[in-house]
Amino acid sequence: MATSIRLAPETERRLDFLASRTGRTKAFYLREIIERGLDDMEDYYLAAEVLERVRQGREKVHSAGDVRRELGLDD
């Protein structure tokens with residue numbers, strides 16, 4: 001599936017320069033950037049959703065002490 005994006009001129013110039021200097025395609029670098037960054041974006045945005053649920057009292061929270069006791073780690 002093809003996806004298109006609009007880049008700022010400076011970003012486009014940097015990407016062109018990198019591709020020309022390394023002999024790789026711009027598509028290669030865009031794929032790399034997206035694949036490497038997607039994990040971070042998922043972590044951030046999904047964690048933000050959980051934090052909001054915690055603040056609203058809709059997400060159960062356990063203390064570290066309770067978890068250690070429950071798992072028998074304090075023995």
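In this predicted model, glutamate 32 is partly exposed, with a relative accessible area of 23%. The side chain of glutamate 32 meets that of arginine 36 in a salt bridge, at 3.0 Å from N to O, and arginine 36 is exposed, with a relative accessible area of 63%. The two residues are four apart in helix H2, and are thus separated by about one helical turn.

The chain around this pair holds three helices and zero strands, which run α-α-α from the N terminus on. Its radius of gyration is 22 Å, well over the 11 Å that the globule rule gives for 75 residues, so the chain is more spread out than a compact globule. The C-alpha atoms fill a box of roughly 60 × 30 × 25 Å along the principal axes, and buried residues make up 5% of the 75 residues.

The salt bridges come to seven in number. One of them joins the side chains of glutamate 12 and lysine 26, with 2.4 Å between N and O; because glutamate 12 lies in helix H1 (residues 9-22) and lysine 26 in helix H2 (residues 26-55), the pair ties together parts that are 14 residues apart in sequence. Glutamate 12 is partly exposed at 26% relative accessible area, and lysine 26 is partly exposed at 30%. Glu12 and Lys26 also belong, with Asp16, to a network of salt bridges.

Another salt bridge links the side chains of arginine 53 and glutamate 59, at 2.7 Å from N to O. Arginine 53 is partly exposed, with a relative accessible area of 24%, and glutamate 59 likewise counts as partly exposed, at 29%.

Methods:
Residues are numbered from 1 along each chain as its sequence is written. This is a predicted model: local features need pLDDT of at least 70, side-chain atom pairs count only at pLDDT 80 or more; totals for chains, interfaces and linings use all residues. Side-chain values use heavy atoms; hydrogens and water are left out. The radius of gyration is taken over C-alpha atoms; the globule rule is 2.2 Å times the number of residues to the power 0.38. Buried means under 20% relative accessible area, exposed over 50%, partly exposed in between (1.4 Å probe, protein chains only). A salt bridge is a side-chain nitrogen of Lys or Arg within 4 Å of a carboxyl oxygen of Asp or Glu.
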